Amino acid sequence: MAYPLHRPDQGVNPSPDFPALERQTLAYWDQDGTFQASVDARPTGRHSDNEFVFYDGPPFANGLPHYGHLLTGYVKDIVPRYETMRGKHVERRFGWDCHGLPAELEAERELGIKDKSEIDQMGVEAFNAACRSSVLRYTREWRDYVTRQARWVSFDHDYKTLDLTYMESVIWAFKTLWDKGYVYEGYRTLWYCFRCGTPLSASETKQDDAYRTRQDTAVTVAFKLTGERREVAKSYGSDDGTLPDAAQFRGVEALAWTTTPWTVPSNLALAVNPDVDYVIVRPETMPGSRVLMAEARLGAYARELGENPPVEARFKGRDLAGLVYQPPLDYFKDQEHAFRILLADYVTTEDGTGVVHQAPYGEEDQMVLEGAGIDLVTPVGPDGRFDAEVPDVQGLTVFEAN
């Protein structure tokens, strides 16, 4: 039988015009009300037990749809169609995301705003009004695009995140979580834009213009061990539970490589991999010095340490747990429980020295530091500039401070 089924009198055309068939089918669905009929023909059931709830999206309507929306749109359409075929009552409401940086950045571009302080000057209410006026600019284009996909979704009963009822429902959900004791205050490492003064979602960091290539200095920092050891868990050390005498490490310099020198003022610990082999060497280029690093990374430092620096001793990373070192800078020297070597499985020997400097600006760093009971320090403000806790670079952005 020829498709569409509303033309049974026509045979199969050996050379069909597929775009024309597409337009004819969409027009018929529209005239017939096929989509709405598929919803109305299926009861919600008692207490809505036959209802399958589907809220689409939501995309931003202040930008045009692209191939990515086309692909995910087809996937989204499969689920409600399947549930409808199973006899469920499925009201498919399209939605619009009216919050977040994409909406705000578009309004900033239109208003000529270059800095968050300008938003503060004009007032949040006025800025919100500007965002509201632009955030639904391309709804017609979206409707045409999605309909052309042959998706069945309701634009006439759409929802918008700027609707008061929607925002109240979010606050209600949050309060419910609060009442159940699921909400707590703590620290979390997030992508952050100090131009906008706000955290970023992972999806925002993947936008086409999110990254900019820049050249920064990488440094290798020497952390001098004191010959002391403290706060070591029983699971550390060799198989028999013993640890090397900490005194033999006095004066040894543990080398750590970082591509973000601006984080060194906030250094609170070092991390090593418990199963990696570490060595103390006497560099040919630095008479009298003793250096600690992963044995597998010696070759990468041949220029600085010599081709074959004599190895004084070998240890597993777990043998280094708890060794204390002198803070590289004095800004937070009195921080309790800090400035010792910790164990972390994420440390590798693919680059660097096999010793990782820990500051609370990376997700893994934060987890390691908090797990060791070390209070975090954040001497960088919302504008990306150092505050008075680090006076030598106070007022500089982190990139300038590098």
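The model is predicted, so local features are given only at pLDDT of at least 70 and side-chain atom pairs only at pLDDT 80 or more, while totals for chains, interfaces and linings use all residues. Residues are numbered from 1 along each chain as its sequence is written, and side-chain values use heavy atoms, with hydrogens and water left out.

**The whole chain**

Begin by displaying the entire chain as a cartoon. It has eleven helices and 14 strands; helices (H or I, at least four residues) and strands (E, at least two) are DSSP runs, numbered from the N terminus. The radius of gyration is 30 Å, well over the 21 Å that the globule rule gives for 402 residues, so the chain is more spread out than a compact globule. That radius is taken over C-alpha atoms, and the globule rule is 2.2 Å times the number of residues to the power 0.38. Along the principal axes, the C-alpha atoms fill a box of roughly 95 × 55 × 50 Å.

Next, colour the chain by accessibility. Buried residues make up 38% of the 402 residues; buried means under 20% relative accessible area, exposed over 50%, and partly exposed in between (1.4 Å probe, protein chains only). The chain exposes about 24,100 Å², of which carbon and sulfur atoms supply 52%. These areas come from the Shrake-Rupley method with a 1.4 Å probe, and for residues only the protein chains shown count as cover.

**Helix α1**

Select residues 18-32, which form helix α1. At 1.5 Å a residue, its 15 residues should span 21 Å, and its end C-alpha atoms are 21 Å apart, which agrees. The expected span is 1.5 Å times one less than the number of residues. Which residues of α1 are buried? They are A20, T25, L26 and W29. Their cover includes α2 (34-40) and α7 (139-148). Just after α1, select G33, which takes a positive phi of about 65 degrees.

Move to helix α3 (residues 67-85) and select D77 within it. Is D77 buried or exposed? D77 is buried, with a relative accessible area of 7%. Not counting residues up to four places away in sequence, D77 touches R92, A150, R151 and W152; contact means heavy atoms within 4.5 Å.

A salt bridge is a side-chain nitrogen of Lys or Arg within 4 Å of a carboxyl oxygen of Asp or Glu. Being four residues apart in helix α3, R81 and D77 are separated by about one helical turn. R81 is partly exposed, with a relative accessible area of 25%.

From D77, step to its contact A150. A150 is found in the loop between α7 and β3 (154-160). Its phi is near 75 degrees, a positive value in a residue other than glycine.

**Further salt bridges**

A search of the whole structure finds 22 salt bridges. Select E108 and R195, a pair whose closest N and O atoms are 2.6 Å apart. E108 lies in helix α4 (residues 101-111) and R195 in the loop between β4 (191-193) and β5 (198-200), so the pair ties together parts that are 87 residues apart in sequence. E108 counts as buried at 7% relative accessibility, whereas R195 counts as partly exposed at 31%.

Then select K116 and D120, whose side chains meet in a salt bridge (3.9 Å, N to O). They are four residues apart in helix α5 (residues 116-122), and are separated by about one helical turn. Next, select E106, R109, E110 and R137, which salt bridges with shared partners join into one network.

**A surface patch and a loop**

Show the surface and select L164, Y166, M167 and V170, a nonpolar patch with about 340 Å² of accessible area together. Patches are made of residues with over 30% relative accessible area and no salt bridge: like charges are joined within 9 Å, nonpolar side chains (Val, Leu, Ile, Met, Phe, Trp, Tyr) within 5 Å. Y166 is in helix α8 (residues 164-179).

Finish at D375, in the loop between α10 (363-371) and α11 (398-401). D375 is exposed, with a relative accessible area of 51%. Leaving aside neighbours within four places in sequence, D375 is in contact with L268 and Q335.
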